[in-house]
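Subject: Structure for your review

Dear colleague,

Please find the structure handed over below, together with its sequence. My notes on it follow directly after.

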Amino acid sequence: SRTVLRGHADSVFSVAFGPDSRRLASASGDGTGRLWDVETGEELQLLKGHYDAVNVVAFSPDGRSVATASQDGTARLWRVGFRKASAVLSAHEGSVVDIHFSADGRFLVTAGQDGATRLWEVGGGGMLMVLTGAKGRTNSAIFDPEGQRVASVSEDGSGRIWSVRERELLEVLWGHQS
């Protein structure tokens, strides 16, 4: 038998498995994220609070939190099992297009339409660093497996690698045409 996850009122843009593979998070153009039981298809939690489409969703490594990134210019942190966002991360000008946790779950990285990559501390420390220099939208940003570096790629065809500890640019990579 197939499990169908029904509930979103618009396109689904992103999905992410929880670390136990029993839960799935989804992000939708309807402005919500949702958590699902993979086997039964039951909606476990509605992540409601964004004012525009939710572009991306990510689970924390321990599975206790979910992060969402939205066209409303914010990212939000949600504790699994709680109704309201535990934190609203707002600093991007324009859509937040990507979000990832570090492997230890202590940090988040966001990429924005404004060309910035931003490093956040999950435990209430707020924004730690703005990684700039790209021209045009930053399309993606991610931590290395050890959480020591952040890599980002931008519309201008560049890639950038940053040191998390030193909070400095290590290298700019060129080669893509766009």
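I begin with Ile99, which is buried at a relative accessible area of 1%; buried means under 20% relative accessible area, exposed over 50%, and partly exposed in between, with a 1.4 Å probe and protein chains only. Before going further, please note that this is a predicted model, in which local features need pLDDT of at least 70 and side-chain atom pairs count only at pLDDT 80 or more, while totals for chains, interfaces and linings use all residues. Residues are numbered from 1 along each chain as its sequence is written, and side-chain values use heavy atoms, with hydrogens and water left out.

**Ile99 and its surroundings**

Ile99 belongs to strand β9, residues 96-101. Strands (E, at least two residues) and helices (H or I, at least four) are DSSP runs, numbered from the N terminus. Not counting residues up to four places away in sequence, Ile99 touches Val56, Ala58, Ala67, Thr68, Ala69, Ala75, Leu108, Val109 and Thr110, where a contact means heavy atoms within 4.5 Å. One of these residues, Ala67, is 32 residues from Ile99 along the chain, and the two C-alpha atoms are separated by 7.3 Å.

**The chain as a whole**

The protein chain contains 16 strands and zero helices. Its radius of gyration is 16 Å, which agrees with the value near 16 Å that a compact globule of 178 residues would have; this radius is taken over C-alpha atoms, and the globule rule is 2.2 Å times the number of residues to the power 0.38. The C-alpha trace spans about 50 × 30 × 30 Å along its principal axes. Of the 178 residues, 46% are buried. Among contacts with a separation of 6 or more, 33% come from residues 24 or more positions apart.

**The four-stranded open sheet**

Four strands form an open sheet in the order β1-β2-β3-β4, with antiparallel pairing. Its edge strands are β1 (12-17) and β4 (43-48), each of which pairs on one side only. From one strand to the next, the twist averages 20°; axes are lines fitted to C-alpha atoms, for helices over the stretch in contact, and angles run from 0 to 180 degrees between N-to-C directions. Within this sheet, strands β2 (residues 23-28) and β3 (residues 32-37) run antiparallel and are joined by five bridges, two strands being paired if DSSP finds at least two bridges between them. Leu24 has Trp36 in β3 as its bridge partner.

Thr74 lies in strand β7, residues 74-79, and is buried with a relative accessible area of 10%. Its side chain makes polar contacts with the side chains of Asp72, at 2.7 Å, and Arg76, at 3.5 Å. A polar contact is a pair of N or O atoms within 3.5 Å; within protein, one must be able to donate a hydrogen and the other to accept it, and residues adjacent in sequence count only if both atoms are side-chain atoms. Beyond its neighbours within four places in sequence, Thr74 is in contact with His50, Thr68, Ala69, Val88, Leu89, Ser90 and Val96.

Strand β7 pairs with strand β8 (residues 85-90) in the antiparallel sense over five bridges, and Arg76 stands opposite Val88 in β8. The hairpin of β7 and β8 has five residues between the strands, and Gly81 there takes a positive phi near 95°.

**Salt bridges**

The count of salt bridges comes to seven, a salt bridge being a side-chain nitrogen of Lys or Arg within 4 Å of a carboxyl oxygen of Asp or Glu. In one of them, the closest N and O atoms of Asp20 and Arg23 are 3.6 Å apart; Asp20 is partly exposed at 30% relative accessibility, whereas Arg23 is buried at 16%. Another joins Arg34 and Asp30 at 3.9 Å, N to O. Here Arg34 is buried at 10% relative accessibility, and Asp30 is partly exposed at 26%.

Asp144 and Arg149 also form a salt bridge, with their closest N and O atoms 3.2 Å apart.

With kind regards
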